[in-house]
Amino acid sequence: MNLALFLLGALLTLVPAGLARLDRPVQATHVVMISRAAVPTGFVVLVLALIATAAPAALELVAMSHLAELCERLIAHTVVGGAPGALVGGAVAALIAASASRGMYSAWIDQRSSYVEAEVGTHMPGDHCTLVLLDTPHMVAFSSPGTPPQVVLSRGAIDGLTTLQQRVVIEHERAHIRQNHHVDLMLINAARGALRWLPGARAGLSYWREALEWQADDHAARVVGSRDEVAATVRNWATTTPNTGLAFNAAETVDRRLSNLNSQPQHKLIASIGWLSVASLWVAGGVVVARWLVHAHAVTTAASYCPI
């Protein structure tokens, strides 16, 4: 069971990487939703499989031999290397969980530190968020979650953009807030720290990250009524200001954003393949768990007590 769950978890985390390798324009909303469905659940399944692998050896280590034996029978424990191998699996699970927690906490700190205090800049309450105007000549634009959430713009951005382009930037950042993209960024950062050892995972997470920008661009295009205007805004911003990490023109996403805006993603088949992959892996996981429940029932029925 452990090996099957481990493989299923790894495959779930790699679903976005599979979509990226197909290299076909897919509607951003599908990419984001598929990634949200696949990566977090895959990570949890993967870690639980490693913990289950280590459980019997851990119980044996603390002199609970009878519990260890029953636990081993309950989870159909098999691992290369016996008890040492199981302990290694437990250590890896702890390391992966710690790396994920560290990555998520780091992203949370970054988001919290980007929140602009009331004493800084000009704050103008708006639709579902506060518009904050910073008095700086540099072109800056970003969104910050909080209460209330903020869309932050600089005077440099106001001066460097046309009125319509200003609206594009504001709607783009509002979309990040409305779509809860700050949660996606925390999950992506957590997965980057925890899954760096898994081939292909980084490419899938980068694809997920890019899709957040595509989704915000698509929203801005619907509001202003022109994908060309959004593309022109992205180009204008990218050529007049350096990348600042939190800004509208995050350098690693510009080229793909322009490509997405210049095409109309129509590959619904690719999105269907992504959803089918996630659903199939979920069903396979359910079958594995159902078979384990049947096995566990037989074991606990025969045992005098159950440690779980």
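Two strands pair here if DSSP finds at least two bridges between them, and helices (H or I, at least four residues) and strands (E, at least two) are DSSP runs, numbered from the N terminus. The model is a predicted one: local features need pLDDT of at least 70, side-chain atom pairs count only at pLDDT 80 or more, and totals for chains, interfaces and linings use all residues. Residues are numbered from 1 along each chain as its sequence is written, and side-chain values use heavy atoms, with hydrogens and water left out.

**Stop 1: the sheet**

Start by selecting the four strands of the open sheet, whose order is β1-β2-β4-β3, with mixed pairing. β1 and β3 lie at the edges with a single partner strand each, so one side of each has no neighbour in the sheet. Neighbouring strands are turned by 20° against each other on average, direction ignored; such angles run from 0 to 180 degrees between N-to-C directions, and axes are lines fitted to C-alpha atoms, for helices over the stretch in contact.

**Stop 2: β1 and β2**

Next, select residues 122-125, which are strand β1; this strand pairs with β2 in the antiparallel sense over 4 bridges. Look across from His-123 and you will find Val-132 in β2, while Met-124 faces Leu-131 of β2. The two strands make a hairpin with 4 residues between them, and His-128 in the turn has a positive phi of about 65°.

Now colour β2 by accessibility. Buried means under 20% relative accessible area, exposed over 50%, and partly exposed in between (1.4 Å probe, protein chains only). In β2 (residues 130-134), 4 of the 5 residues are buried, so the strand is largely enclosed by the rest of the structure.

**Stop 3**

Move on to β4 (residues 150-154), which pairs with β2 in the parallel sense over 5 bridges. Thr-130 is opposite Gln-150 of β4. How many of the residues of β4 are buried? The count is 5 of its 5 residues. In a regular strand, side chains alternate between the two faces of the sheet. Both faces of β4 are covered, with Gln-150, Val-152 and Ser-154 buried on one side and Val-151 and Leu-153 on the other.

On to β3: it runs antiparallel to β4, and 4 bridges join the two. Pick Ala-141 and its bridge partner in β4, Leu-153. This pair of strands is a hairpin too, with 5 residues between them, and Gly-146 in its turn has a positive phi of about 160°. While you are in the loop between β3 (141-144) and β4, select Pro-148: the peptide bond joining Thr-147 and Pro-148 is cis, with omega about -5°.

**Stop 4: an asparagine between helices**

Most residues other than glycine have a negative phi, and most peptide bonds are trans. Go to Asn-180, in the loop between α7 (163-178) and α8 (181-194). Asn-180 is not a glycine, yet has a positive phi of about 55°. Its relative accessible area is 40%, so Asn-180 is partly exposed.

**Stop 5: α10 against α11**

Finish with helix α10 (residues 227-240) and helix α11 (residues 254-261), whose axes come within 9 Å and cross at roughly 160°. Angles under 35 degrees count as roughly parallel, over 145 as roughly antiparallel, 65 to 115 as roughly perpendicular and the rest as oblique; α10 and α11 are therefore roughly antiparallel. For the contact, taken as heavy atoms within 4.5 Å, show residues including Val-230, Val-234 and Ala-238 in α10, and Val-254, Leu-258 and Leu-261 in α11.
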